[in-house]
Amino acid sequence: MIPRYSRPQMVKIWEPENRFRIWFEIEAHACDAQAELGVIPKEAAAAVWERAKWDVARIDEIERETKHDVIAFLTNLAEHVGPEARFVHQGMTSSDVLDTCLAVQLKEATDLLLADMDALLAALARRAQEHKYTPSIGRSHGIHAEPVTFGLKLAGHYAAFKRGRDRLAAARDEIATCAISGAVGTFANIDPRVEEHVAAKLGLSVEPMSTQVIPRDRHAMYFAVLAVIAASIDNLATEVRHLQRSEVREAEEYFSPGQKGSSAMPHKRNPVLSENLSGLSRLIRSHVVPALENVTLWHERDISHSSVERVIAPDATIALDFALSRLTGMIDKLVVYPENMQRNLDMLGGLHNSQRVLLALTQAGMSREDAYRAVQRNAMPVWLEGKDFRTLLKADADVARHLTAEQIDGAFNLDYHTKHVDTVFKRVFGE
């Protein structure tokens with residue numbers, strides 16, 4: 001991922017130095033287990049820990065000749081450890097190191113992502129409570145429907161991200177498996193207890209059945225979860241983009257002093273953060289298909305998945321980390337215009353109460369079909385000519401035969417639409 005959309009703490013997980021550190025720990029812990037089992041001398045295992053060094057540039061130099069990254073690392077490690085290095089990697093294969101390392105990196109990355117989501121959830125909860133009863137027009141198909149509150153809008157997004165966090169925590173557990181099973185996964189040249197020891201040391205669980213590689217359905221599910229979270233980011237970002245439109249202007253991104261919106265038009269205040277988030281979300285979601293295709297490998301292993309994961313693992317986690325942080329900041333500073341929300345709510349002359357009038361007429365004895373026709377014929381002049389809905393209803397003879405003027409007025413009470421807001425909030429945020 002390019003530096004523009006990267007944060008240092010997440011980038012560090014994917015840097016070569018961290019990768020080689022994890023490789024070393026896998027090999028060194030395996031040596032400890034082998035020594036306890038009497039397969040290698042304990043002095044050799046101790047020497048690996050004591051003398052181990054590696055140099056990224058030197059590893060790259062060796063790899064240019066060997067065309068094999070793990071061999072290049074082991075060769076450079078041996079240059080520092082000395083003769084005892086012959087006991088390193090006993091009975092292991094490259095995938096034992098690579099797959100277990102990837103599990104550690106994804107686990108570390110997910111811990112950062114979970115913290116990101118906690119911060120986002122806190123921001124959404126705060127703003128939702130702030131606007132719990134701020135009236136706003138709800139829209140279906142982009143068209144005015146019935147009243148909601150801005151707090152309810154944010155509560156819906158909070159609930160989506162809470163589900164996303166739960167899925168991410170489960171995906172972390174599923175991806176965090178260790179495989180030290182040797183060639184074709186049979187443990188022929190290495191004791192399963194070595195795998196158990198390494199897994200415990202690295203905070204991983206043992207992969208029940210590796211075929212020299214950890215099954216890639218685990219990874220496919222992981223990247224699918226990241227994609228769903230990205231889709232939720234896009235959903236919220238798109239809501240902000242719509243609300244910031246000049247014709248709506250119910251909410252907008254914070255516009256900092258000195259910020260410029262356009263190189264040509266000095267008046268512009270554009271939703272650049274949310275547009276950026278929609279774009280990043282597309283990028284993150286694009287990694288799902290390659291991850292799914294990685295599930296299919298030839299027989300016990302091939303490396304068709306490797307090139308894909310070298311790109312999508314860092315890019316998806318780095319981009320999502322950045323996106324979650326940006327979204328949190330955007331929500332935290334989101335500028336809300338309750339007066340514009342009320343203006344838009346009143347824009348169509350009370351048409352958002354049409355269902356209430358419809359139901360009142362049916363309760364008063366009119367058939368639903370007749371009631372629908374009566375309400376609709378009074379709604380259309382409001383829609384097309386800007387007339388007042390309540391006034392037209394009171395002047396309609398069919399309506400007046402079933403509803404008094406006071407009953408019609410009662411159908412225009414905004415509190416009717418918000419009476420269960422507290423119930424919804426308790427469901428979403430708890431007591």
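Me: What is Ile318 in contact with, leaving aside its neighbours within four places in sequence?
Reply: This is a predicted model. In it, Ile318 touches Met1, Tyr5, Ser6, Met10, Val11 and Trp14, once its neighbours within four places in sequence are set aside.

Me: How far apart are the C-alpha atoms of Ile318 and Tyr5?
Reply: They are separated by 7.5 Å, while the two residues are 313 residues apart along the chain.

Me: Which helix is Ile318 in, then?
Reply: Ile318 is found in helix 12.

Me: And is Ile318 buried or exposed?
Reply: Ile318 has 5% relative accessibility, so it counts as buried; the cut-off for buried is under 20%.

Me: Staying with helix 12, how does helix 10 pack with it?
Reply: Helix 10 covers residues 272-285 and helix 12 covers residues 304-332. Their axes are 10 Å apart, and the packing angle is about 155°. Helix 10 is therefore roughly antiparallel to helix 12, as angles over 145 degrees count that way.

Me: Which residues make that contact between helix 10 and helix 12?
Reply: From helix 10 there are Leu273, Ser274, Asn276, Leu277, Leu280 and Ile284. Helix 12 brings Ala316, Ala319, Leu320, Phe322, Ala323, Arg326, Leu327 and Met330. Sorted by class, the contact of helix 10 with helix 12 has eleven nonpolar, two polar and one charged residues.

Me: Is the crossing of helix 10 and helix 12 left-handed or right-handed?
Reply: Helix 10 passes helix 12 in a left-handed crossing.

Me: Now another pair. At what angle do the axes of helix 2 and helix 8 cross?
Reply: The angle is roughly 130°, and the axes of helix 2 (residues 16-36) and helix 8 (residues 192-202) come within 9 Å. Helix 2 is therefore oblique to helix 8. Their crossing is right-handed.

Me: Which residues of helix 2 and helix 8 meet?
Reply: On the helix 2 side, they are Glu25, Ile26, His29, Ala30, Asp32, Ala33 and Gln34. On the helix 8 side, they are Val194, His197, Val198, Lys201 and Leu202. By class, the contact of helix 2 with helix 8 has six nonpolar, three polar and three charged residues.

Me: Let's move to loops. Where does Glu250 lie?
Reply: Glu250 sits in the loop between helix 9 (217-244) and strand 5 (251-252). Glu250 counts as buried because its relative accessibility is 0%.

Me: What is Glu250 in contact with, apart from its neighbours within four places in sequence?
Reply: Its contacts beyond those neighbours are Ser136, Ile137, Arg139, Leu243, Val335, Val336, Tyr337, Asn340, Met341 and Asn344.

Me: What about the phi of Gln212?
Reply: Phi of Gln212 is near 85°, a positive value in a residue other than glycine. Most residues other than glycine have a negative phi. Gln212 lies in the loop between strand 4 (205-206) and helix 9. With 8% relative accessibility, Gln212 counts as buried.

Me: And the phi of His299?
Reply: Phi of His299 is also positive, near 50°. His299 is in the loop between helix 11 (288-293) and helix 12. At 72% relative accessibility, His299 counts as exposed.

Technical notes: Residues are numbered from 1 along each chain as its sequence is written. This is a predicted model: local features need pLDDT of at least 70, side-chain atom pairs count only at pLDDT 80 or more; totals for chains, interfaces and linings use all residues. Side-chain values use heavy atoms; hydrogens and water are left out. Axes are lines fitted to C-alpha atoms, for helices over the stretch in contact, and angles run from 0 to 180 degrees between N-to-C directions. Helices (H or I, at least four residues) and strands (E, at least two) are DSSP runs, numbered from the N terminus. Angles under 35 degrees count as roughly parallel, over 145 as roughly antiparallel, 65 to 115 as roughly perpendicular and the rest as oblique. A crossing is left-handed if the near helix is turned anticlockwise from the far one by less than a right angle, and right-handed if clockwise. Contact means heavy atoms within 4.5 Å. Ala, Val, Leu, Ile, Met, Phe, Trp, Tyr, Cys and Pro count as nonpolar, Asp, Glu, Lys and Arg as charged, and the others, Gly among them, as polar. Buried means under 20% relative accessible area, exposed over 50%, partly exposed in between (1.4 Å probe, protein chains only).
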